[in-house]
Amino acid sequence: MSNAAAPAADAPIANRGAITACVILAVIMQALDTTIANVALPYIQGSVSASADQINWVLTSYIVAAAIMTPPSGFLSAKFGRKRVLLTAIAGFVVASVLCGFAQSLVEIVGFRLLQGLFGASLVPLSQGILLDIYNVEERGKAMALFGVSVMVGPVLGPVIGGWLTDHISWRWVFYINVPIGALAFFGIVVFVTETKIDALAKLDWFGFGMLSLAIASLQLFLDRGEQLDWFSSGEIIVEALVCASAFYLFLVHTFTAKKSFVNPRLFLDQNFAVSMLFIFIVGVTYLASLALMTPYLQTLMGYPVVTAGIVMGPRGVGTMVCMFIVGRLIGKVDTRWLLFLGLALTAWAMWAMTGWTPDVSQWTIIYVGFIQGAGLGFLFVPLTTIAFATLPAQMRGEGTGLYNLSRNIGSSVGISVVSALIVSNTQSNHASISAYVTPFNHAFHAPAAMESMNPLTRVGRAALDSVITSQATIIAYMDDFKLLMLMSIFAIPLLVLLRKPSAPPVVDHSVAME
């Protein structure tokens, strides 16, 4: 957000409200698509004939594309003008959404979701930049609070709206809903937003950007297809691993030797920023990965209708919003590290509670545990960004913001891929372990009820028995995934000692939390 649309003092008050409404709509549209497809995944899976691990590509492809295209947003804005780039992003996002709704195969919907992520990546940072420009310093706090709420409205409403649309119309409407929202945002920005100055000399380090993008893309393919292709026994997986390692190596060498590289290595000399990069990666893993796990758990194992699944998942976002407002008042009054500790502790507790879940768990338990998990994110999100940028020089914050959000997006996509692969592999191993107890010498099968319904000597009995074993193996696999996410949150706590308390409260740091 290097270019200003107009000084805050020159922006007409009436137009300022209209501009705010338009860019907030664009942000909500992008944020909505982060979670709206979650509850529709089982229906999409059936329509495109995908396996349980393949269907998560619908989520990860969007996140990876957004991760790759977020850092160049500033360059595109400077080179072509912020209004022009924002309008192109909205139009492309809407067209890609319609194509997602038309998709008839897994390849098509994953490809169109990639396109959606590429266009949607710049919506949040560019919209945020416009708000920072049209409000003066005294009013920016309120503007960023409104902006933060709009970012969180998407994840809150996503499962609920997605569930209702899927149940009452079709899963395809979770994508078509972007058309009216995008149209309103597009025409509002055309009318009310002014263009920024264009810097014809702006340059992008294409080699660094290309190598980083190649490394991220190949890493995601490696994680998404590894379980399906039996990891390193597959030539494709070996090639993807080599491409990822080679591209990342070239990116690092180029970063530390080029005069002006895509990523400024001096960013990592700031201890708070470097540690916060790792923190936000963990936050990305634990939050979105757990959401990806909850959808099939509620709908497949517990048999929840899609609307009910969306409603019980909604309180996570409510918990985040409530605690973000609380944290906003505590920042500057309470040591930020204590807020981060509370956020990690709440997240770890929620994951620990989920390790004891079975399909008999009550809706109330799912709701309040989800609320606490969301509260944990609320205590992590803004404080973490505050301390990450508090000691970073002002002239480096623009680059730092893109890199910081890149780390969060990569954490989200990697987390979803890893937990999905673990569900498949752990279900298979658990099934084998439980099946070892199915023998004629097991006294449990001597009971009349067991012999009638699950007699291993009959075809019907073996089918019923296999169904029960698969269900139990899957439940244990989910418990193992929740335990892994809990341990990640706990292991992040010692990193707090590496964070330094800033000497003075930052001025604009809260804003970059939402970028």
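Trainee: In this predicted model, at what angle do α13 and helix α14 pack, and how far apart are their axes?

Mentor: α13 and helix α14 (residues 306-313) pack at an angle of about 140°, and their axes are 10 Å apart.

Trainee: Why is α13 called oblique to α14?

Mentor: Roughly antiparallel needs an angle over 145, and roughly perpendicular covers 65 to 115. The angle here is about 140°, so α13 counts as oblique to α14.

Trainee: Is the crossing of α13 and α14 left-handed or right-handed?

Mentor: α13 and α14 cross in the right-handed sense.

Trainee: Which residues make the contact?

Mentor: From α13 come Leu291, Met294, Thr295, Leu298 and Gln299, and from α14 come Val306, Ala309, Val312 and Met313. By class, this contact of α13 with α14 has seven nonpolar, two polar and no charged residues.

Trainee: What makes α13 roughly parallel to α16?

Mentor: The axes of helix α13 (residues 271-301) and helix α16 (residues 336-354) cross at roughly 30° and come within 12 Å. Angles under 35 degrees count as roughly parallel, so α13 is roughly parallel to α16.

Trainee: Is the crossing in which α13 passes α16 left-handed or right-handed?

Mentor: The crossing of α13 and α16 is left-handed.

Trainee: Which residues of α13 and α16 meet?

Mentor: On α13 they are Phe279, Thr286, Ser290 and Met294, which meet Leu344, Thr347, Met351 and Met354 on α16.

Trainee: How many residues in the contact of α13 with α16 are nonpolar, polar and charged?

Mentor: Five are nonpolar, three are polar and none is charged.

Notes
Residues are numbered from 1 along each chain as its sequence is written. This is a predicted model: local features need pLDDT of at least 70, side-chain atom pairs count only at pLDDT 80 or more; totals for chains, interfaces and linings use all residues. Side-chain values use heavy atoms; hydrogens and water are left out. Axes are lines fitted to C-alpha atoms, for helices over the stretch in contact, and angles run from 0 to 180 degrees between N-to-C directions. Helices (H or I, at least four residues) and strands (E, at least two) are DSSP runs, numbered from the N terminus. A crossing is left-handed if the near helix is turned anticlockwise from the far one by less than a right angle, and right-handed if clockwise. Contact means heavy atoms within 4.5 Å. Ala, Val, Leu, Ile, Met, Phe, Trp, Tyr, Cys and Pro count as nonpolar, Asp, Glu, Lys and Arg as charged, and the others, Gly among them, as polar.
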